[in-house]
Amino acid sequence: MTKAELITSVSEQAEVTKVVAEKTVKAFIDSVTAALKSGDKLSLVGFGTFSTAKRAARKGQNPQTGKKIDIPAATVPKFKPGKTLKEAVNVAPKKKK
């Protein structure tokens with residue numbers, strides 16, 4: 001699903017215009033980004049938790065040239081799905097008798 005498809009889906013489900021849905025999706029993304037930037041964790045019960053993790057500096061290799069490179073330390077975003085989301089997505093196939 002693309003961002004445009006998400007906006008359309010939100011618009012239809014919330015019964016609002018696409019303009020309002022786009023502002024809402026943008027505000028959500030901006031809020032999550034701001035929280036993670038400031039080092040906070042964002043928990044949406046049942047859906048999941050957005051957080052950050054520190055990735056240590058390490059050695060790497062350019063796959064095209066084979067040259068060794070230094071990869072700097074970084075802070076990266078993480079998402080851990082909640083129980084309700086996991087259960088909704090994990091639809092087991094029906095067993096044949």
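Helices here are DSSP runs of H or I with at least four residues, numbered from the N terminus. I start with that because helix α2 holds both D30 and K26, four residues apart, about one turn of the helix. The model I am reading is a predicted one.

**Entry 1: overall layout**

I looked up the secondary structure and found three helices and five strands in the protein chain. I then read along the sequence and noted the pattern α-α-β-β-β-β-β-α.

For the extent, I took the box along the principal axes, which the C-alpha atoms fill at roughly 55 × 50 × 30 Å. The radius of gyration of the protein chain is 19 Å, whereas a compact globule of 97 residues would have one near 13 Å. I also looked up burial: 14% of the 97 residues are buried.

I went to the loop between α1 (3–14) and α2 (18–37), where E15 lies. E15 is not a glycine, yet its phi is positive, about 55°. Is E15 buried or exposed? Its relative accessible area is 74%, and exposed means over 50%, so E15 is exposed.

I then moved to V32, which is in helix α2. V32 has a relative accessible area of 10%, and the limit for buried is under 20%, so V32 counts as buried. I checked V32 against A14: they are 18 residues apart in sequence, and their C-alpha atoms are 21 Å apart in space.

**Entry 2: salt bridges**

Side chains of opposite charge can pair when their charged atoms come close. How many salt bridges does a search of the whole structure find? The search finds three.

I took the pair in helix α2 to begin with. The side chains of D30 and K26 meet at 2.9 Å, N to O. D30 is partly exposed at 38% relative accessibility, and K26 is partly exposed at 47%.

Next I looked at K59 and D70, whose side chains meet in a salt bridge at 2.7 Å, N to O. This pair links distant parts of the chain, with K59 in strand β3 (residues 58–61) and D70 in strand β4 (residues 68–71), eleven residues apart. K59 counts as exposed at 68% relative accessibility, and D70 is exposed with 58%.

I then looked up E87 and K83, which form a salt bridge at 3.9 Å, N to O. Because E87 and K83 are four residues apart in helix α3, about one helical turn separates them. Both E87 and K83 are exposed.

**Entry 3: surface patches**

Which residues gather in a patch of positive charge on the surface? I found K41, K78, K80 and K86 there. I followed K86 to its place in helix α3 (residues 83–89).

L44 counts as partly exposed, at 30% relative accessibility.

How values were computed. Residues are numbered from 1 along each chain as its sequence is written. This is a predicted model: local features need pLDDT of at least 70, side-chain atom pairs count only at pLDDT 80 or more; totals for chains, interfaces and linings use all residues. Side-chain values use heavy atoms; hydrogens and water are left out. Patches are made of residues with over 30% relative accessible area and no salt bridge: like charges are joined within 9 Å, nonpolar side chains (Val, Leu, Ile, Met, Phe, Trp, Tyr) within 5 Å. Accessible areas come from the Shrake-Rupley method with a 1.4 Å probe; for residues, only the protein chains shown count as cover. A salt bridge is a side-chain nitrogen of Lys or Arg within 4 Å of a carboxyl oxygen of Asp or Glu. Lys and Arg count as positive and Asp and Glu as negative; His and the chain ends are not counted. The place of a charge is taken as NZ of Lys, CZ of Arg, CG of Asp or CD of Glu. Helices (H or I, at least four residues) and strands (E, at least two) are DSSP runs, numbered from the N terminus. The radius of gyration is taken over C-alpha atoms; the globule rule is 2.2 Å times the number of residues to the power 0.38. Buried means under 20% relative accessible area, exposed over 50%, partly exposed in between (1.4 Å probe, protein chains only).
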